[in-house]
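Please go through the report below alongside the sequence and the coordinates. It covers selected residues, then the overall build and the nonpolar cores.

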Amino acid sequence: MKTLKIRIKKFAILCHRWMGVAFCLLFSFWFLSGIAMMYWDFPSVRAEERLERAAALDPSKVLLSAEEAYGKLNAKREPEQTQLLTFDGRPAYQFRSGREQSLVYADDGAIQSQFDLELIRRTAAAFTGQPGDAAQLEMLREPDQWTIAGNFRVHQPIAKFSWADGEVAYVSGKTGEVVQHTTTASRIGAYLGAIPHWLYFTPLRKNQPLWSQVVIWLSGVGTIMAALGMVVGIWMYSPKRGVPYAGQKRLHTILGLFFGIVTCTWSFSGMMSMDPFPAASRGARGNSEVSKALQGKRPPLSAYAAQHPRQALEAMAGQFPVKSLELSSFDGKPFYQALGGNRQKRILLPDGAVRSGFSQDQLQNALRNCSIRESRLVTEYELYYVDRQHRRPLPVLYIELNDAEKTGSYIDPATGRVVQSYGSRSRWNRWLYRGLHSMDLPLLYKYRPAWDLVVLTLMLGGTALCITSVVIAWLVLRRKYFAFGRRLRVAAPGRSILE
């Protein structure tokens, strides 16, 4: 039995050593880029940024109702989503049904089906505030570093406008929208953080299935390597003799005893971010039940005739500049959702009343046919509803259904929509991914820079551990290389070293 234990120990040490040689550089890059990702993310165009940069709607130019504008398309069924916004300086209705999108101007009913270069150039200029004729134009029919995610493929060809100061705007050739926006600073941040951290290198990332499998397997095998390292470190440590090593091995072992668990869980949670077990992380099925109950049966466009969109915009005078007017519904009844910059929201009812949101009683009444186990008002971030950037709305209503998954949904009273939901399986994924990988804890977020200090300490400790492994790997490879070279030199001339 003792001989077996010795063999197992030697095998574990050998596996950890050579896996460390193979993975030390990768783990060092992951930790260093993780530190950068604490403050810089991959560039994207968020909905809030679109609203901030969009022009306000002019009520005097809105002449057609949504029903009249949609009639210009001669469509056979009602749209799934309808939004009034400003496009190319004119009010326009954006109708969506599945992946199909149509644009009809609200001033004269003209249909915008083609997006020529001049129109696209004006769109890019309006979004960036830069002169359109000063930009260099490139038409992309293949993804570049900043458009390699799968959601960009439906927008190709994409017009890329680059200005001398480093600002770049990507405009969809299918919808005429700005779908990506980068600056010199955001690109540098991505090269330091997201790109090496996600292995977001264009040749690899273009092949989505291959990229996904590479990241999953690298992080999975890395988890095993880190776990073996912890086991070996515990085996080798003696309370009386301490660590039986010197130099870099001693430092590596000591750091491993303190930060090995962080390295192991961080690699594992990184693998979980790739959703390797979809059945365990998919959203709660009860969420769709809550969403459907809140929205109710979608009313036809004719149901909004009681208040013309122009009148709804006029009713918002003195509130804030409305940049988007969405035709929505709550409990089967129509209403307008007015959106502005700085996350400003208002509800406009058919009778002309302007509200800041729905009351708790109204929300619960809309869910009257749902079997509710728990209902409470959430006024500050909690374990399953947290946001480091404080973008998610507060207060929200929490509803937990009395179903098998104990579906929990957080509802924004300002919109009457679910903003976050969990089931029993996705709760596990929340902790195995965001909890372990980002230290996604409301207590740390609430008392910043507590989160920064904790995470930076763990990340720097993990980085130091990986750097010592790089040094050890170099020493191992150098020793093996020189030993092999010496054997070659002493071999008899004309004879193979293998003989």
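Asp88 is partly exposed, because its relative accessible area is 32% (buried means under 20%, exposed over 50% and partly exposed in between, with a 1.4 Å probe and protein chains only). Asp88 belongs to the loop between strand S1 (81–87) and strand S2 (90–97). Its phi is near 55 degrees, a positive value in a residue other than glycine. Helices (H or I, at least four residues) and strands (E, at least two) are DSSP runs, numbered from the N terminus.

Asp331 also has a positive phi, about 55 degrees, although it is not a glycine. The loop that holds Asp331 runs between strand S8 (324–330) and strand S9 (333–339). Asp331 counts as buried because its relative accessible area is 17%.

## Basis of the model

This is a predicted model, in which local features need pLDDT of at least 70 and side-chain atom pairs count only at pLDDT 80 or more, while totals for chains, interfaces and linings use all residues. Residues are numbered from 1 along each chain as its sequence is written, and side-chain values use heavy atoms, with hydrogens and water left out.

## Overall build

The protein has 16 helices and 15 strands. Its C-alpha atoms fill a box of roughly 95 × 55 × 40 Å, taken along the principal axes. Of the 499 residues, 46% are buried. Among contacts (heavy atoms within 4.5 Å) between residues at least 6 apart in sequence, 62% join residues at least 24 apart.

The protein exposes about 26400 Å², and carbon and sulfur atoms supply 58% of that area; accessible areas come from the Shrake-Rupley method with a 1.4 Å probe, and for residues only the protein chains shown count as cover. There are 62 positive and 40 negative side chains, with the centres of the two sets 17 Å apart. Lys and Arg count as positive and Asp and Glu as negative, while His and the chain ends are not counted. The place of a charge is taken as NZ of Lys, CZ of Arg, CG of Asp or CD of Glu.

## Nonpolar cores

A nonpolar core is a set of buried Ala, Val, Leu, Ile, Met, Phe, Trp, Tyr and Cys residues joined through side-chain atoms within 4.5 Å. The largest has 44 residues, and those with the most contacts inside it are Phe27, Phe42, Tyr170 and Tyr200. Elements that give two or more residues to this core include helix H1 (2–37), strand S6 (168–172), helix H8 (208–236) and helix H16 (450–490). H1 gives the most, with 8 residues.

Not counting residues up to four places away in sequence, Tyr200 touches Phe42, Gln145, Ile148, Ala149, Ala194, Ile195, Arg205 and Trp211. Another core lies apart from the largest one; it has 23 residues, among them Val62, Tyr70, Tyr93 and Ala106.

## Thr123

Thr123 sits in helix H4 (residues 117–128). It counts as buried because its relative accessibility is 14%. Leaving aside neighbours within four places in sequence, Thr123 is in contact with Phe87, Val171, Gly176 and Val178.

## Cis peptide bonds

The peptide bond from Gln156 to Pro157 is cis, with omega near 5 degrees. Pro157 lies in the loop between strand S4 (136–140) and strand S5 (158–162).

Leu394 and Pro395 are also joined by a cis peptide bond, with omega about -5 degrees. Pro395 is in the loop between strand S12 (372–378) and S13.
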